[in-house]
Amino acid sequence: MKIRGILVLVVVAGVAAALFPSAAYAGSLTTDNPLGPYKSASGGGEFSVVAFSEVISKPADDMLHGLNPDVLFQTFCIERNENVGAGKTYYTELSEEAKKGGYAGGSPDPLDLRTSYLFYHFWKADTTVLHDYDFTGGAALRALDAAQLQNAIWFIEGEINTLNLTTQGGEYFTKADNAVNSGAWDWHHGVKVINMWTDSTKTTFIQDWLVVVPLPGSALMGFGLLFGLGAMHLIRRKRQVL
């Protein structure tokens, strides 16, 4: 095989690996140091991520407001009894389930649609859903809003047993519950769980965070690119033979 053909195959294989990683694949994530200016006093999010090996959907500008330029996105945790460190790198994979049950839930524990509803609208900085969430205000006010959203997520995922429905977090929960029960929100819309380990062999689990990734149509476009590269190479070879 000529060198040009080898190069085409290498490029195709590399793009395919990025689009369709194997089950043994281990990505990585690095946390900010400190974990972020909007981290809630309850020990939950918002958390700041400064490096991530996966392709993500573009966050809203307001979600990144007031953060240092190195921050890629903000996130929340699913489990209340699992902690991460500041300025640490963890090994990751993407799924739609928590790998450990935290205070409640099985292992694995499927991502609740109500959680993905809230996080998707956080990613979009959508204050029509996250009413009164102060994305562009001071750090202290945003941290209070983050605590309310984190409590709603923890309540949905069974990590806390009670949630006052008259609070801001209770309002978020009610909106998510209504959206799911009405059928308006019946799939995750690109929201994924980042399963995190301290080691590449995935023996020591650390936490589950949330992220939004491009929808499957993007992967199909990538597959079309692969097909096109391969077809162009075959046509060129045929012309050379003729």
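Accessible areas here come from the Shrake-Rupley method with a 1.4 Å probe, and for residues only the protein chains shown count as cover. By that method the protein chain exposes about 12,200 Å², of which carbon and sulfur atoms supply 59%. Before I go on, please keep in mind that this is a predicted model, in which local features need pLDDT of at least 70 and side-chain atom pairs count only at pLDDT 80 or more, while totals for chains, interfaces and linings use all residues. Residues are numbered from 1 along each chain as its sequence is written, and side-chain values use heavy atoms, with hydrogens and water left out.

Let me begin with the overall layout. The protein chain has five helices and eight strands, where helices (H or I, at least four residues) and strands (E, at least two) are DSSP runs numbered from the N terminus. Along the sequence they follow the pattern α-β-β-β-β-β-β-α-α-α-β-β-α. Of the 242 residues in the protein chain, 43% are buried, and buried means under 20% relative accessible area, with exposed being over 50% and partly exposed in between (1.4 Å probe, protein chains only). If we take contacts, that is, heavy atoms within 4.5 Å, between residues at least 6 apart in sequence, then 68% of them join residues at least 24 apart.

Now to the sheet. In what order do the strands of the open sheet lie? The six strands run S3-S2-S1-S4-S7-S8, with antiparallel pairing, and S3 and S8 are the edge strands, each pairing on one side only. Two strands pair if DSSP finds at least two bridges between them. S1 (residues 27-31) is joined to S4 (residues 89-95) by four bridges, and Thr 30 has Thr 89 in S4 as its bridge partner. On S7 (residues 191-197), which pairs with S4 over five bridges, Asn 195 is the bridge partner of Glu 93, and Met 196 stands opposite Thr 92. Helix H2 packs on the sheet, touching S3, S7 and S8, and its direction makes about 60 degrees with that of S8; axes for such angles are lines fitted to C-alpha atoms, for helices over the stretch in contact, and the angles run from 0 to 180 degrees between N-to-C directions.

Just after H3, Gly 158 takes a positive phi of about 80 degrees.

Finally, the charged pairs. The structure holds nine salt bridges, each a side-chain nitrogen of Lys or Arg within 4 Å of a carboxyl oxygen of Asp or Glu. In one of them Glu 46 meets Arg 142, with the closest N and O atoms 2.8 Å apart. Glu 46 lies in the loop between S1 and S2 and Arg 142 in helix H3, so this pair ties together parts that are 96 residues apart in sequence. Glu 46 counts as buried because its relative accessibility is 0%. Another salt bridge joins Lys 202 and Glu 93 at 2.6 Å, N to O, linking the loop between S7 and S8 with strand S4, 109 residues apart.
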